[in-house]
Amino acid sequence: MQSTTSATSSDTRTVPSFCRNCTAYCPIMVTVENGRAVKVAGDFEAPAYDGYTCPKGRDIPAQHNHPQRPLHCLARKANGQLAPMPSDTLLDEVARRIQEITRRHGPRSVAVYYGTGNVTNPVGSAMARAWLNALGSDLIFSAMAIDKPAANISLAMHGHWHAGARSFESCEAWMIVGANPVIAKSNGAPMNNPGQRLKEAVERGMKLIVIDPRRTETARRATHHLQAKPGEDATLLAGIVHIIIAEGLYDSAFVQANAEGFDALAAAVAPYTPEHVAARAGIAVEQLLDAARSFGRARRSGVICATGASFSPHNNLTFYLSLCLNTLCGGWAAEGEDAPYPNVLLPAFQPRAQPYAPFPVFAKGTMPATGFRESASGMPTAALPDEILKGGDKGIKALICLSGNPILSWPDQRKTEAALKSLELLVVMDLHMTATAKLAHYFVPAPHQLETAASTSRVESLKYVGAARGFTIPWAQYTAKVVERPAGSDLLEDASFFYRLGQRMGLKLTLSNTFGYRGHIENPSATFPLDMTREPSNEEFVEMTCAGSRIPLAEVQKYPHGHVFENVAMKVAGREASCTARLQLADPMMIAELAQVRREAPPELQAHQTHLLISRRINQVMNSVGHHVAEPADKSGYTPAHLHSADFKPLGLAPGDVAMVRSRHGAIQVKLQADDSLRPGVISVIHGFGGLLQDAAKNPGRSVTQLVDMDEADSISGIPRMSAIPVAIEAMAGTA
Ligand SMILES: Nc1nc2c(c(=O)[nH]1)N[C@H]1C(S)=C(S)[C@@H](COP(=O)(O)OP(=O)(O)OC[C@H]3O[C@@H](n4cnc5c(=O)[nH]c(N)nc54)[C@H](O)[C@@H]3O)O[C@H]1N2
Ligand SMILES: Nc1nc2c(c(=O)[nH]1)N[C@H]1C(S)=C(S)[C@@H](COP(=O)(O)OP(=O)(O)OC[C@H]3O[C@@H](n4cnc5c(=O)[nH]c(N)nc54)[C@H](O)[C@@H]3O)O[C@H]1N2
Ligand code: SF4
Ligand SMILES: [Mo]
């Protein structure tokens, strides 16, 4: 094994690791002084990332060493206050209370929610599932259902491709719908320094088409930017499919050999003429034709949709049409080509140029109060507040929440707050006292990332969430823990919490190495019945998640800076003689929705409404994470909102004003800033700001989720409209 550290003085060392704040997993060098992490910088010795990091990665030491970091478990006392409790006592009490609740209401009164923090420590959610299964409840909810549920729902309807979508690197044209990978990293382009990768691709001749109402950091690198109205992506993609079919720019041999439903799709998009589509989306016809032709003429191309498209109406249709574009225009890896997703820490397989058949959109689970169902994207997270509040005897009474912050991420904050307060038991596991944690009956602090081991297998498995995500280079890295936990702390890893709870409840846990969600996985998941008399160590859990990997974990461990395993490179094989699967271009639900969207009148702004509100992410923070250590551009604490400078005057407002943004559901105060990269008529508000409503007087920040209305939820996934929301913008008393 190569040396993992370099000593620069007797008590200072620099240790290679990788950042787990987001799915880019950038390799980093951590400077450790007297056992404390003091600095994080990019790792220039690591392959493929050019030493890239962002402010969130560099803030890791500030998060670890934050003076208010909770180091002990907390329990709510009779006086309503949270007070320290040893973890063993906490586990005893939680086990007893869950047993008591399930005795009265059955196992389906207990649910788990895990959020995006699962990227930091994926074993936690796998153990949560193992524990819940052993308890007899199927109620495991994740952030995926309020992120991009359409990604897997559209794959269920369309089918997938065994060898996967073509890699970004191999494509001549690439379309990004509602994503800003230069800032958000995880969608739309390679995750290893996406700004640089996009620039290089355009320099070598790639046609880069970006559909976004804002001229984002990504759109600035595009060859075609369609700065369309928000909420019109389904219409836009239907228009692009229309042009490609009308002008014969599709690969008819591929379609004939691998797909069905072409004629029905062609008929359904026929009314989406360029003139209709351009008028609806508010762009020039020529621009639309140009973008569609550039895309259609490329021999190898890819489309990726992300949150902008997912939060807007008709998101399943948008994602479905993006898969149809892949099928029409050479988006899937062909026989003899380099395999785009060569598993390294996932099990080996021989990629084939053949379809996976579509599979049912709905699974078994149904929610009693709202009727929302489990779908290919998992359980309907956005339905949870109503399920808790209205479920009655059959409802959810206990929730364990790990690595998520529902108060600032679920729709309709007011309702979420009421729901969480009404629970008999709320356990929150997090790194710090989030808005959600403040409502917990029990709070469990988890170790920070540098205090645990990890491998890159979690981000490899992103390829099972939608098409064209995850690594297309055979890169892998392992990191041992870099620092010890703070002296005297009583932290519990997420996985340990569920193991020990299971032990106390007499449950036998089986860990399953589940990647993604149902269907379209090359190898069956590995399962590990756990010995309930000996708790696996953090390192052993990480080993289990890499079981059966193509490259043994021990081999990856030989390269502390990570390694590109060129030797796993392989070619895509031909179709198996036994394969009869076909890709579906005309799913009946989607064909019906195409007709419906074409009939719909353009959204009308009601009285006083002037703008459509869209989402936005910034480089300094990750959702609600990191606000306490980030260096904000504006230190006032208000939630920032952006408008085109021409939009201020008609509203009687000026940059720097605090204004009220009102949807039909709620209203929040924001601080306005001018941003001419926005399309006029659009206001973008950053998600993740704010705190509990009861603390509003202490914190001027407000959560944009207060404007989100569950009455407008998608009927398949339950995701509500979180973008293209009609709003009024009003001066606040005393500010105009
Ligand atoms: N209106 C509106 N709503 C939205 C969005 C939007 O843009 N607008 N975005 C949506 C999207 S895409 C998402 S993904 C969700 C995000 O929803 P959530 O995942 O619920 O919210 P986050 O703010 O990402 O919270 C992640 C939490 O995980 C914690 N954490 C990090 N690592 C660990 C760990 O190892 N263990 C434990 N126990 N905790 C850890 C962090 O401290 C943080 O509190 O919100 C969705 N909701
Ligand atoms: N720095 C940073 N990185 C992050 C996060 C973060 O908070 N900060 N969050 C992480 C999470 S949980 C996720 S899910 C990913 C999200 O990653 P992305 O999906 O790339 O998120 P955004 O950067 O908000 O980009 C969404 C884009 O959609 C545009 N948009 C809004 N509405 C519409 C619409 O109706 N149609 C179209 N075509 N575009 C629209 C917005 O202008 C915006 O530029 O980022 C992850 N990475
Ligand atoms: S982009 Fe930033 S937050 Fe994401 S892994 Fe890299 S350094 Fe960490
Ligand atoms: Mo997300």
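## Ligand 1

In this predicted model, a polar side-chain atom of Asp494 lies 2.9 Å from a nitrogen atom of ligand 1. Tyr113 also brings a polar side-chain atom to ligand 1, at 2.7 Å from an oxygen atom. Thr116 takes part through its backbone: one of its polar backbone atoms is 2.6 Å from an oxygen atom of ligand 1. On its own, ligand 1 has 930 Å² of accessible area, and the protein covers 97% of this. Such areas come from the Shrake-Rupley method with a 1.4 Å probe; for residues, only the protein chains shown count as cover.

The shell of ligand 1 holds 30 residues, and the closest are Tyr113, Thr116, Ser409, Asp430 and Ser624. A residue is near a molecule or strand if one of its heavy atoms lies within 4 Å of it. By type, the shell around ligand 1 has 11 nonpolar, 15 polar and 4 charged residues. Here Ala, Val, Leu, Ile, Met, Phe, Trp, Tyr, Cys and Pro count as nonpolar, Asp, Glu, Lys and Arg as charged, and the others, Gly among them, as polar.

## Ligand 2

Lys56 places a polar side-chain atom 2.9 Å from a nitrogen atom of ligand 2.

Helices (H or I, at least four residues) and strands (E, at least two) are DSSP runs, numbered from the N terminus.

## Ligand 3

The residues around ligand 3 include Cys19, Cys22, Cys26 and Cys54. Lys56 and Lys185 also belong to this shell. By type, the shell around ligand 3 has 6 nonpolar, 3 polar and 2 charged residues.

## Aromatic rings

The model has 10 aromatic pairs, where rings of Phe, Tyr and Trp (its six-membered ring) pair if their centres lie within 6.5 Å. One of them joins Phe168 and Trp174, with 5.2 Å centre to centre and 85° between the planes. This pair is edge-to-face; planes under 30 degrees apart count as stacked, over 60 as edge-to-face and the rest as tilted. Phe168 has a relative accessibility of 5% and so counts as buried, and Trp174 is buried at 3%. Buried means under 20% relative accessible area, exposed over 50%, partly exposed in between (1.4 Å probe, protein chains only). Elsewhere, Tyr49, Phe471 and Trp475 form one aromatic cluster.

## Ser457

Ser457 lies in helix α18 (residues 457-460). Is Ser457 buried or exposed? Its relative accessible area is 6%, so Ser457 is buried. Apart from neighbours within four places in sequence, Ser457 is in contact (heavy atoms within 4.5 Å) with Leu345, Leu346, Thr545 and Cys546.

## Basis of the values

Residues are numbered from 1 along each chain as its sequence is written, while chains are lettered from A and ligands numbered from 1 in the order in which they are written. Local features need pLDDT of at least 70, side-chain atom pairs count only at pLDDT 80 or more, and totals for chains, interfaces and linings use all residues; side-chain values use heavy atoms, with hydrogens and water left out.

Notes:
Polar contact = N/O pair within 3.5 Å; in protein donor to acceptor, adjacent residues only side chain to side chain.
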